[in-house]
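Here is a short briefing on one protein model. Look at the structure first, then read the points by topic.

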Amino acid sequence: MGGQSAPPPSIEPAIELKAISKSFGPVKANQNVDLKVLPGTIHGIIGENGAGKSTLMSILYGFYEADSGEILINGQKRKIHSSRDAISFGIGMVHQHFMLVETFTVLENVMLGAEGAPLLNKSSQSAREELLKLSKEYSLAVDPDAMTGDLPVGLQQRVEILKALYRGAEILILDEPTGVLTPQETDQLFKILDILRSRGVSIILITHKLQEIMAITDRVSVMRAGTMVSERETAETNKNELAELMVGRKVLLEVDKTDANPSEILLEAKNLSYSEDGVKKLDDVSLTLKAGEIVGIAGVSGNGQTELLAALSGICPLQTGSIKIGSVKIDSDNPKTPKEFRDLSVGHVPEDRHRMGMVTAFNAQESAIMGFHDDAAYNGKFLMDNKAVEQHCVRLMKDYDVRPEDPKLKSANFSGGNQQKLVLAREMDRHPKVLLVGQPTRGVDIGAIEYIHKNLIAMRDAGSAILVVSVELEEIMSLSDRILVMFEGRIVGEVDAKEADARQLGLLMGNAGAQTEAASSENNSNNIHSEEIPA
Ligand SMILES: Nc1ncnc2c1ncn2[C@@H]1O[C@H](COP(=O)(O)OP(=O)(O)OP(=O)(O)O)[C@@H](O)[C@H]1O
């Protein structure tokens, strides 16, 4: 490892990984990786997509066994063959995709699978008492009897943390925990992590967001291409240095763009309303998208953004209102399928790449043409022209830096960020007139974010109309030319991006009723989302 100052020898690391290696076929996901995490500290791990961070944590948590190397927990050499072993050594993991049973209560989820716990029994008084005690001790307020599926994402994550603590975790691994959180939920999570640290819990935090590393960690390790390349005291580094260590070159952390030059309207939505199970998800939404502009949708997730993207791409049928694309009018009397929307040159990058962007069981080249598989270019005489599909996929992988460059690899076996790049590549490469993008850079490393933002701006400058939905206010503010704010299915405000400031957007996002929340987060020293945003 280059340039790091070694931890004081007197302190025994809570975790020590020595020369860990792990390969998947030809892919060396981890090569001779060393890591020391001191007790009662928050240790960040950063690295490009596919650098090997999740693999390393999966080894520590017993999902994978290393090909070679050693694991020491509190100075003791340990063999971890399963997550049960990891739990018994005091390791807990909060996964990117929660492992909770949505139809169980919080208490039932916390008890589920806990080693040595009494059989699952709703009235288990001791479990309830223990849960309440943990909630109090770590300021993790949550109703034990709430149905887990009804809780907002931030609270579900809290249940995951409680579950780990209930099982006696003293070491907590969090893999990209803020990817699905609102700025306010992120602030709350960081307060919780701070409390856990002050109580002696050791935390490993994997994140792509360098402002989070700077805000909350004590030390940070940098991985590149399966190896550990650097380690720094957080107080002695900065975002630019970390970005360069990760990517191996200087990275532009701000979006570089000229003013937009919008021209004709390419898409016009009028009075869209949509209800599901009696709940209004879209409420009289009207908007226009013009050639040569990027329109950003800001809002706390769950306020109709998903349904708006679904309506504008033909995935959810129109109930009320109409959409005009060029001269074609679409409404409930004249519906169109997603394929027909695509034929009208509407591209769509869905927010949830796993459920809607790709079929994880398909290989990369199949995912790379999903939705376009009946294009003449891929059709042989009788069957699909697999050679043509493969060549197309390889070109996309080269152009969008999808790693590994293996069109035959199962989509599920790409790292999260590389899956995202593959879906973006598929949609952007066709240069649609209208591009709808949900969470363009979720789980994507900073080098790739720079690349994706540059490409979106290039598409705009070439005359596409782009609609971006993102929970990252910073992204919305720096990428958009106009910002629309959604709240409870409605568009409650429109702001010129040049004049937007985070506080004003935050107030609109919470609508008047939640002003206190926005105001209190403004006073919060961990309010990193707005702090980073240029006014
Ligand atoms: N089960 C698997 N089979 C084959 N290859 C795999 C498997 N799991 C991971 N890989 C490969 O190992 C490498 C490291 O992946 P890993 O998920 O650890 O990266 P990461 O740093 O966590 O990336 P990201 O930031 O995108 O989540 C990648 O090239 C990935 O494609």
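The shell around the ligand has six nonpolar, 11 polar and three charged residues. In this count, Ala, Val, Leu, Ile, Met, Phe, Trp, Tyr, Cys and Pro are nonpolar, Asp, Glu, Lys and Arg are charged, and the others, Gly among them, are polar. The model is predicted: local features need pLDDT of at least 70, side-chain atom pairs count only at pLDDT 80 or more, and totals for chains, interfaces and linings use all residues. Residues are numbered from 1 along each chain as its sequence is written.

**Around the ligand**
- The ligand is surrounded by 20 residues.
- F24, N49, S54, S415 and G417 are the closest.
- At least two shell residues come from each of β2 (27-37), α1 (53-60) and α14 (416-428). Helices (H or I, at least four residues) and strands (E, at least two) are DSSP runs, numbered from the N terminus.

**Nonpolar core**
- The largest nonpolar core has 137 residues. Such a core is a set of buried Ala, Val, Leu, Ile, Met, Phe, Trp, Tyr and Cys residues joined through C-beta atoms within 7 Å.
- A residue is buried if 20 or more other C-beta atoms lie within 10 Å of its own, exposed if 12 or fewer, and partly exposed in between; C-beta atoms are placed from the backbone.
- L60, I91, L172, V485 and L505 touch the most other members.
- Beyond its neighbours within four places in sequence, I91 is in contact with L60, Y61, A86, A169, I171 and I173. Contact means C-beta atoms, placed from the backbone, within 7 Å.

**Helix α13 (386-399)**
- V389, H392, C393, L396 and M397 are the buried residues of α13. Seen down the helix axis, they fall within an arc of 135 degrees, so they line one face. The arc is that of the directions from the axis to the C-beta atoms.
- These buried residues pack against α12 (364-367) and α14.
- Exposed K387 and K398 sit on the face turned away from the buried side.

**Backbone details**
- Just after α13, D401 takes a positive phi of about 55 degrees.
- The peptide bond from R403 to P404 is cis, with omega near -5 degrees. P404 lies in the loop between α13 and α14.
- N32, in strand β2, has phi near 50 degrees, a positive value in a residue other than glycine. N32 is partly exposed, with 14 other C-beta atoms within 10 Å.

Definitions and conventions
A residue is near a molecule or strand if its C-beta atom, placed from the backbone, lies within 6 Å of it. Two residues are in contact if their C-beta atoms, placed from the backbone, lie within 7 Å.
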